Amino acid sequence: MKLSSKKSKVLGKPKAGVSKKKVPQEALKKTISKKVRNTSEEQVISKKPKQKPTSVPKNGKTAKKGTKKTHKEELEGLKDLDPEFYDFLKKNDQQLLDFNLLDSDDDDDDEEEKPEKVKGKSAESEDDEEDEEKYHKPNEDLAVASDESDFEDEAEDDEAAAGGTQKITLNLLRQWEVQLAQPNVSIDIVRKVIQAFNSALASISADGADGGENQPNAAAFKVVGASAFNGVIQLCVLHLQPAIIKVLGVKANSNLPLHKYKKWVKVRGCLRYYLTDLIRLVEQVSSANILGVLLKHLHQMAGMVAPFTALGKTILKRLIVLWATGDETVRVLAFLCILKITRKQQATMLNHVLKAMYLAYVRNSKFVSPNTLPGINFMRRSLVEMFALDLNVSYQHAFLYIRQLAIHLRNAVILKKKDSFQAVYNWQFINSLRLWADLLGASANKPQLQPLVYPLVTIATGVIRLIPTAQYFPLRFHCLQTLISLAKETNTYIPVLPLIVEVLKSNTFNRKHTAVSMKPLQFTCVLRLNKAQLSENGFRDEVIEQVCGLLLEYLAHESASLAFTDLVVPTVMAIKAYLKTCRNANYSRKLKLLLDKVQESSRFVEQQRGKSSVNFDLKDASAVSAWEQQLRLKRTPLDIYYTSWLKTHETKKRRQAAQTDEINADYDVPKLKKLPAKSGLPIRNENGEVELFPSDSEDEEANNFPAASDDEDEKEEVEVEPPKSKKAKKEKKNSEKKPQPVAEEPAGDDYDEAGGAVDIVKDLDLNDW
């Protein structure tokens with residue numbers, strides 16, 4: 001093989017006029033490093049002379065066998081053997097000629113004593129890494145394979161860059177725990193623990209750098225590993241709050257706010273950063289158990305949130321989200337935190353909290369099912385407790401939102417359009433009525449909210465009268481239950497008996513059923529029925545249950561009234577009239593038993609009125625109230641019967657609640673239905689307006705929300721027709737070919753926000769914070 005060709009392949013530049021002299025292999029191989037041999041270029045293959053031992057370059061190092069020349073002597077030999085090649089190296093790679101010329105021969109002798117390297121991919125020793133700088137390194141533009149030493153160097157650089165931080169260990173955490181438990185706690189220890197907490201969050205959060213910028217000396221600690229992270233969190237949750245109390249010097253029974261203490265200035269800054277990090281951690285955690293622990297800790301720290309107004313709003317905003325959408329335990333703990341924080345700064349925060357909580361309640365009560373009903377009930381009861389904190393402030397909110405309900409009802413009565421009807425006949429509207437009825441009932445002994453009782457009763461009665469058809473009997477019963485509860489709590493007479501008895505006169509209800517339902521129909525989570533359900537026997541069974549239950553509850557409350565005998569006359573006449581035409585033995589038995597108890601209580605009240613003790617004027621309200629109180633203590637027959645019926649009814653409800661999966665099958669849970677794939681456009685009515693609130697009926701004919709009586713509804717029922725002649729069939733077939741208006745697809749009782757759902761508070765949805 002010619003030397004000129006070798007040089008052309010290795011160096012990439014042919015040299016003209018190079019003499020064909022043999023170059024010693026050891027000198028030639030010194031000019032070829034490992035990284036050149038790893039490229040895609042052709043490798044130089046040389047023959048090994050038998051008489052001389054050779055050295056194979058490995059990772060820029062030489063492995064020697066026996067006695068060899070030093071590098072300087074080899075270069076001098078190359079100058080004598082091939083002066084032209086030596087001149088070429090001098091011009092193009094002077095660094096190769098000057099390489100390792102200052103090293104002594106003793107170093108070379110030490111290298112000769114090292115063991116020979118194995119050919120191929122062998123591990124490098126530590127001594128070779130230290131002597132790596134002694135050997136030639138080729139140009140940077142050469143492509144080389146990766147080596148483990150590259151990553152080792154980067155890791156060492158990272159450790160050097162983080163040399164100013166202190167690593168959190170379990171021993172360090174134990175020392176801090178002991179120091180936090182001492183009576184005289186140093187403020188420096190509290191700051192270190194808070195810095196460690198910030199560093200722990202930075203280790204798991206993508207935006208941890210933000211917290212590090214805000215927190216001074218946040219890089220003083222480094223949290224590595226799950227054990228260290230859990231240890232820091234546990235230390236803060238268990239020992240930080242008592243330590244801060246010790247630093248401030250708070251006494252056991254002291255009512256002085258924390259920010260009034262002298263040492264508050266020292267802990268104010270670090271405490272603000274800690275509360276910010278704590279609410280960040282609450283936002284990132286999804287486990288209910290961990291959220292419960294953090295919320296309990298936040299409940300302890302609630303007294304320290306009061307001085308930070310802006311931070312308090314952020315914390316309350318997140319807690320309201322958990323209160324409205326979290327699990328059962330998380331909801332309760334979030335509400336306790338909201339209540340405690342709000343009480344500490346009630347003057348500034350109560351308005352914002354009440355508004356945000358009411359809007360969250362309405363938005364999350366759009367769909368009612370056996371699974372969501374307990375959460376909605378909890379939100380309503382807890383919200384009533386929040387409104388009860390300050391009735392003067394609550395009156396402003398209650399008046400505004402009740403007025404908004406009245407505006408929706410007025411629009412429905414005047415406009416008589418589908419969207420206006422849907423703005424009233426939805427779960428948000430009904431749940432709002434329940435909320436305000438519960439609030440007025442809870443504050444019945446205080447005069448601030450009592451002026452709102454009459455407008456609320458008027459709205460509920462107007463909702464019942466809006467569409468008085470059998471299709472909306474479930475909604476009617478929900479409104480009646482709200483009115484009865486309000487009448488009992490406020491001790492106000494509300495004329496609900498005509499609205500209940502009116503159901504028995506419905507033509508749809510009295511019609512014989514044409515279908516048999518396998519499971520009983522329940523109105524607990526239903527507002528509207530479709531025509532298929534109206535034809536089932538389960539519909540009639542549930543209506544009778546609701547009528548008997550509501551009549552019994554209301555009359556049992558009014559049975560101690562001085563006017564009970566006169567009050568029940570229209571109801572008794574209506575029940576007797578229905579019993580004359582009723583052909584169902586079960587219905588007759590239930591109503592007849594109720595009628596007997598009503599008449600027995602009426603005779604009992606009349607006897608009490610005929611006694612000589614009733615010698616006061618009817619205009620004397622205090623004397624009438626005292627007489628009714630005495631009669632209530634004696635217990636009327638209807639009241640005794642209602643108590644026993646209520647126990648049986650509650651047992652039945654608990655049994656049904658235990659079978660949640662079976663109950664879910666009984667309800668038509670709203671389902672989202674997409675628009676037709678072909679059009680991809682929103683549904684428009686005849687006037688070209690976009691219809692945001694399509695009907696929830698499963699029948700296409702029920703989309704127009706008919707505000708008619710049951711007689712008109714009866715005419716729409718499909719009846720079995722007699723056989724027609726061929727001519728009649730042909731005419732019918734031709735009429736079917738004519739274009740007819742296409743009914744819109746139903747979309748369930750309520751609709752999601754993306755599909756244009758009804759939001760009764762959309763006009764009041766302002767920037768809360």
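Modeller: Contact here means heavy atoms within 4.5 Å, and helices are DSSP runs (H or I, at least four residues) numbered from the N terminus. The model is predicted, so local features need pLDDT of at least 70 and side-chain atom pairs count only at pLDDT 80 or more, whereas totals for chains, interfaces and linings use all residues. Residues are numbered from 1 along each chain as its sequence is written, and side-chain values use heavy atoms, with hydrogens and water left out.

The part in view is helix H24, residues 473-490, against helix H28, residues 537-558. Their axes (lines fitted to C-alpha atoms over the stretch in contact, with angles from 0 to 180 degrees between N-to-C directions) come within 10 Å and cross at roughly 10 degrees. H24 and H28 are therefore roughly parallel (under 35 degrees) to each other. From H24, Phe-473, Phe-477, Leu-480, Gln-481, Ile-484, Ala-487 and Lys-488 take part; they meet Phe-539, Val-543, Gln-546, Val-547, Leu-550, Glu-553, Tyr-554 and His-557 of H28. By class, the residues of this contact between H24 and H28 are 10 nonpolar, three polar and two charged.

The second pair is H10 (residues 170-180) and H13 (residues 226-248), whose axes come within 9 Å and cross at roughly 10 degrees. H10 and H13 are likewise roughly parallel to each other. Leu-170, Leu-173, Trp-176, Glu-177 and Leu-180 of H10 meet residues of H13 including Val-232, Leu-235 and His-239. The contact of H10 with H13 comprises eight nonpolar, three polar and two charged residues.

Note on methods: Helices (H or I, at least four residues) and strands (E, at least two) are DSSP runs, numbered from the N terminus. Angles under 35 degrees count as roughly parallel, over 145 as roughly antiparallel, 65 to 115 as roughly perpendicular and the rest as oblique. Ala, Val, Leu, Ile, Met, Phe, Trp, Tyr, Cys and Pro count as nonpolar, Asp, Glu, Lys and Arg as charged, and the others, Gly among them, as polar.
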